[in-house]
Amino acid sequence: MTKTVTPEPVVLVPDDITAGDKKSAVEERLQSVETTTAENEGKGVEVNAFPVQDVWKSYKQTTHSTGIPKGRPKSGRKWKTEQTKRFSDLRKDKPLRTSWQKKMQQKAEKQSVKKYEKELREAREKELEIKKKRRAEKMKRRVENERKSEIVQVIKNPAKIKRMKKKQLRRIEKRDTTKMLNK
């Protein structure tokens with residue numbers, strides 16, 4: 001006759017099960033161990049630790065809210081939460097809508113602001129253009145007045161120009177003397 005040995009059952013449970021799930025999985029396995037040991041007690045059958053595959057099967061059979069058996073995540077990211085709903089199922093609030101009259105009022109306000117800005121820009125451009133014209137006229141008058149007040153000495157002998165020094169040559173300017181002769 002063989003001696004029956006009933007060792008303490010070893011239940012292997014994966015690490016990624018939460019504390020509550022782990023407890024329930026272990027309890028289920030222990031109940032099944034007790035029933036098998038009670039049945040086989042008088043028969044002389046040895047009872048050892050259960051293989052990991054059996055425990056893993058019972059773990060996989062525990063279902064969550066989705067009704068799909070939970071397994072080890074393929075990515076290995078155990079901390080990630082299980083997706084219960086699709087992203088497209090999320091409720092999307094409709095944006096606050098403004099009435100047609102308000103839209104038209106806002107549009108009219110925008111147009112009036114743009115019109116005012118355009119008027120200001122045009123007024124500024126006109127002012128700058130007027131200033132530019134005045135400046136040009138002023139320069140023209142100034143040059144004319146300078147030429148009128150110049151003391152002109154006509155060089156009749158061109159040989160004198162060849163004898164002049166550089167500094168004197170720089171001062172020489174050509175002018176139309178026909179106007180002077182007419183006066």
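This is a predicted model: local features need pLDDT of at least 70, side-chain atom pairs count only at pLDDT 80 or more; totals for chains, interfaces and linings use all residues.
**Exercise 1.** Find out where arginine 142 and glutamate 146 lie, and how exposed each of them is.

*Solution.* Start with the contact: the two side chains form a salt bridge, with the closest N and O atoms 3.8 Å apart. Finally, look at accessibility. Arginine 142 has a relative accessible area of 52%, so it counts as exposed, while glutamate 146, at 44%, is partly exposed.

**Exercise 2.** Work out which residues are linked with Arg175 in a network of salt bridges.

*Solution.* Take the partners one by one. Arginine 175 meets glutamate 150 at 3.0 Å, N to O. Arginine 175 sits in the loop between helix 5 (166-171) and helix 6 (178-182), and glutamate 150 in the loop between helix 3 and helix 4 (159-163), so this pair ties together parts that are 25 residues apart in sequence. Arginine 175 also forms a salt bridge with glutamate 173, where the closest N and O atoms are 2.6 Å apart. Put together, Glu150, Glu173 and Arg175 make up the network.

**Exercise 3.** Describe the largest pocket by its space and its lining.

*Solution.* First, the space: about 560 Å³. Then the lining: among its 15 residues, those closest to the centre are Gln153, Ile155, Arg171, Ile172 and Glu173. Last, sort the lining by class: 7 residues are nonpolar, 3 polar and 5 charged.

Technical notes:
Residues are numbered from 1 along each chain as its sequence is written. Side-chain values use heavy atoms; hydrogens and water are left out. On a 1 Å grid over the protein atoms alone, a cavity is a set of points where a 1.4 Å probe fits but cannot get out, and a pocket is an open set with protein on both sides within 12 Å along at least five of seven lines; lining residues have an atom within 4 Å of a point. Grid points are joined across faces, edges and corners, and a volume is the space filled by probe spheres set on the points. Ala, Val, Leu, Ile, Met, Phe, Trp, Tyr, Cys and Pro count as nonpolar, Asp, Glu, Lys and Arg as charged, and the others, Gly among them, as polar. A salt bridge is a side-chain nitrogen of Lys or Arg within 4 Å of a carboxyl oxygen of Asp or Glu. Helices (H or I, at least four residues) and strands (E, at least two) are DSSP runs, numbered from the N terminus. Buried means under 20% relative accessible area, exposed over 50%, partly exposed in between (1.4 Å probe, protein chains only).
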